[in-house]
Amino acid sequence: MYKMGIYTERVKEYEKAIFHFQRSYELYKKSREDSAKASAESGNESASSNAEEDPGVANCLNMIGTCHLKLGNLKKAHEHLTRAYAIRKVLATSSDHTDILSSKQALADYYDRVGDHYKAHQFKLDIFLMKRKLYEGRLSPDLAAAMSALGASYLKLGDHKSALKFVQDSFEM
């Protein structure tokens with residue numbers, strides 16, 4: 001189901017993608033509930049009782065939110081994206097985990113879309129700092145894209161000097 005959601009999202013069939021991601025979400029959640037029940041019945045107290053604390057659930061919520069954003073359903077987009085981010089923060093083994101990065105990017109896109117450029121900027125700054133740490137001084141198109149996005153973010157905030165610096169640095173990379 002999840003892969004069908006990815007496919008339909010990529011071909012811009014967002015309503016169909018939401019259907020597939022929602023179905024996949026339900027399957028992940030049910031599987032998690034069944035596992036927790038089986039663990040409890042066997043006396044395993046360490047298993048999480050929260051059926052949403054699963055990477056698959058978070059991935060589905062993030063993609064549902066992304067599709068809603070693309071459809072202009074901003075309230076639903078925010079609801080799903082923030083739930084995915086909260087789950088990923090609980091599950092992440094470190095603050096710079098790639099799933100955290102994905103959630104921050106989706107939320108930056110959301111805040112840009114609703115015109116809250118300051119919140120979008122905060123996420124884009126975090127993304128840039130995470131990628132800079134990840135690449136440790138190595139050249140990377142991914143890091144250059146983060147720098148360029150941060151430059152565009154500074155421009156939206158009216159900081160033309162910082163905008164120019166980041167965009168120029170991204171081109172030099």
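The legends below describe close-up views of a predicted model.

**View 1. The salt bridge between Glu 9 and Lys 70.**
The side chains of Glu 9 and Lys 70 form a salt bridge with an N to O distance of 2.4 Å. Glu 9 belongs to helix 1 (residues 2–10) and Lys 70 to helix 3 (residues 55–71), so the pair ties together parts that are 61 residues apart in sequence. Glu 9 is buried, at 11% relative accessibility, whereas Lys 70 is partly exposed, with a relative accessible area of 40%. The structure holds 12 salt bridges.

**View 2. The salt bridge between Asp 142 and Lys 131.**
The closest N and O atoms of Asp 142 and Lys 131 are 2.9 Å apart, and the two residues form a salt bridge. This pair links distant parts of the chain, with Asp 142 in helix 7 (residues 141–156) and Lys 131 in helix 6 (residues 117–135), 11 residues apart. Asp 142 has a relative accessible area of 30% and is partly exposed. Lys 131, with a relative accessible area of 10%, is buried.

**View 3. Further salt bridges, as a pair and as a network.**
Glu 13 and Lys 16 meet through their side chains in a salt bridge of 3.2 Å, N to O. Glu 13 is partly exposed, at 33% relative accessibility. A network of salt bridges links Lys 29, Glu 52, Glu 79 and Arg 83.

**View 4. The largest nonpolar core.**
This core, the largest nonpolar one, has 16 residues. Leu 81, Tyr 85, Leu 107, Tyr 110, Tyr 111 and Phe 123 are the residues with the most contacts inside it. Helix 4 (74–91), helix 5 (98–114) and helix 6 are the elements that give two or more residues to the core. Helix 5 gives the most, with 7 residues.

**View 5. Surroundings of Phe 123.**
Leaving aside residues up to four places away in sequence, Phe 123 touches Tyr 85, Lys 104, Leu 107, Ala 108 and Tyr 111. Phe 123 is buried, at 14% relative accessibility. One aromatic cluster is formed by Tyr 85, Tyr 110, Tyr 111 and Phe 123.

**View 6**
The whole structure contains 6 aromatic pairs. One of them joins Tyr 111 and Phe 123, which are stacked at 5.9 Å centre to centre with 5° between the planes. Tyr 111 in helix 5 and Phe 123 in helix 6 are 12 residues apart, and the pair links distant parts of the chain. Tyr 111 is buried, with a relative accessible area of 11%. In a further pair, the ring centres of Tyr 154 and Phe 166 lie 5.5 Å apart and the planes are at 20°, so this pair is stacked. Tyr 154 lies in helix 7 and Phe 166 in helix 8, so the pair ties together parts that are 12 residues apart in sequence. Tyr 154 and Phe 166 are buried.

**View 6. Helix 6 along its length.**
With 19 residues at 1.5 Å a residue, helix 6 should span 27 Å, which agrees with the 26 Å between its end C-alpha atoms. Buried residues in this helix are Ala 120, His 121, Phe 123, Lys 124, Ile 127, Phe 128, Met 130, Lys 131 and Tyr 135. The buried residues of helix 6 pack against helix 4, helix 5, helix 7 and helix 8 (160–172). Just after helix 6, Glu 136 has a positive phi of about 45°.

The structure holds 0 disulfides. For the sulfur of Cys 60, the closest cysteine sulfur is that of Cys 67, at 11 Å, too far for a bond. The closest cysteine sulfur to that of Cys 67 is in turn the one in Cys 60, at 11 Å. A disulfide would need the two sulfur atoms within 2.5 Å. Cys 60 is buried, with a relative accessible area of 0%. Cys 67 is buried, and its relative accessible area is 0%.

Conventions
Residues are numbered from 1 along each chain as its sequence is written. This is a predicted model: local features need pLDDT of at least 70, side-chain atom pairs count only at pLDDT 80 or more; totals for chains, interfaces and linings use all residues. Side-chain values use heavy atoms; hydrogens and water are left out. A salt bridge is a side-chain nitrogen of Lys or Arg within 4 Å of a carboxyl oxygen of Asp or Glu. Helices (H or I, at least four residues) and strands (E, at least two) are DSSP runs, numbered from the N terminus. Buried means under 20% relative accessible area, exposed over 50%, partly exposed in between (1.4 Å probe, protein chains only). A nonpolar core is a set of buried Ala, Val, Leu, Ile, Met, Phe, Trp, Tyr and Cys residues joined through side-chain atoms within 4.5 Å. Contact means heavy atoms within 4.5 Å. The expected span of a helix is 1.5 Å times one less than its number of residues. Rings of Phe, Tyr and Trp (its six-membered ring) pair if their centres lie within 6.5 Å; planes under 30 degrees apart count as stacked, over 60 as edge-to-face and the rest as tilted.
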